[in-house]
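Subject: Structure handover

Hello,

Here is the structure you asked about. The findings follow below it.

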Amino acid sequence: VQLQAYGGGLVQPGGSLRLSCAPSGNIFSFDTVGWYRQAPGKQREFVAVITSTGSTIYADSVKGRFTISRDNAKNTVYLQMNSLKPEDTAVYYCNARQGFTQSWGQGTLVTVSS
């Protein structure tokens, strides 16, 4: 499975970005598709996930600011990020899980800075 993740960039604090993740397989074939992030010098951490049934789970640090969604027609999962903070700066990775198998995208850099 290949995951194309894109949409990162430089944004000022309080701004917004939308990340996209397009898996090579049908998104309904995955149990979950989600996002993780890794800030410089820190471990990779969970951000948000959407299940095949459409349920969503968020990390406490992004709850109320980030929204994960799925466009079935475009076979794409989005992460809408609002009210961005400098501490959201990280490389964001798309992740897809099917049973005991998981795949990772190449990562897209999000920098929140004035």
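Buried residues make up 43% of the 114 residues in the protein chain. Buried means under 20% relative accessible area, exposed means over 50%, and partly exposed lies in between (1.4 Å probe, protein chains only).

Please note that this is a predicted model: local features need pLDDT of at least 70, side-chain atom pairs count only at pLDDT 80 or more, and totals for chains, interfaces and linings use all residues. Residues are numbered from 1 along each chain as its sequence is written, and side-chain values use heavy atoms, with hydrogens and water left out.

Overall fold

The protein chain has eleven strands and zero helices. Helices (H or I, at least four residues) and strands (E, at least two) are DSSP runs, numbered from the N terminus. The radius of gyration is 13 Å, which agrees with the value near 13 Å for a compact globule of 114 residues. That radius is taken over C-alpha atoms, and the globule rule is 2.2 Å times the number of residues to the power 0.38. The C-alpha atoms fill a box of roughly 40 × 25 × 25 Å along the principal axes. Of the contacts between residues at least 6 apart in sequence, 52% join residues at least 24 apart. Contact means heavy atoms within 4.5 Å.

Salt bridges

The structure holds four salt bridges. The term means a side-chain nitrogen of Lys or Arg within 4 Å of a carboxyl oxygen of Asp or Glu.

- Glu 45 and Arg 37 meet at 2.7 Å, N to O. Glu 45 is partly exposed, with a relative accessible area of 37%. Arg 37 is buried, at 6%.
- Asp 88 and Arg 37 meet at 2.9 Å, N to O. This pair links distant parts of the chain, 51 residues apart. Asp 88 sits in the loop between strand S8 (76–81) and strand S9 (90–98), and Arg 37 in strand S4 (residues 32–38). Both Asp 88 and Arg 37 are buried.
- Asp 60 and Lys 63 form another salt bridge, with the closest N and O atoms 3.1 Å apart. Both Asp 60 and Lys 63 are exposed.

Shared partners join Arg 37, Glu 45, Arg 65 and Asp 88 into one network of salt bridges.

Cavity lining

Ile 27, Phe 30, Val 33, Ile 50, Thr 51, Ser 52, Arg 70 and Val 77 line the largest cavity. A cavity here is a set of points on a 1 Å grid over the protein atoms alone where a 1.4 Å probe fits but cannot get out, and lining residues have an atom within 4 Å of a point.

Best wishes

Methods
On a 1 Å grid over the protein atoms alone, a cavity is a set of points where a 1.4 Å probe fits but cannot get out, and a pocket is an open set with protein on both sides within 12 Å along at least five of seven lines; lining residues have an atom within 4 Å of a point.
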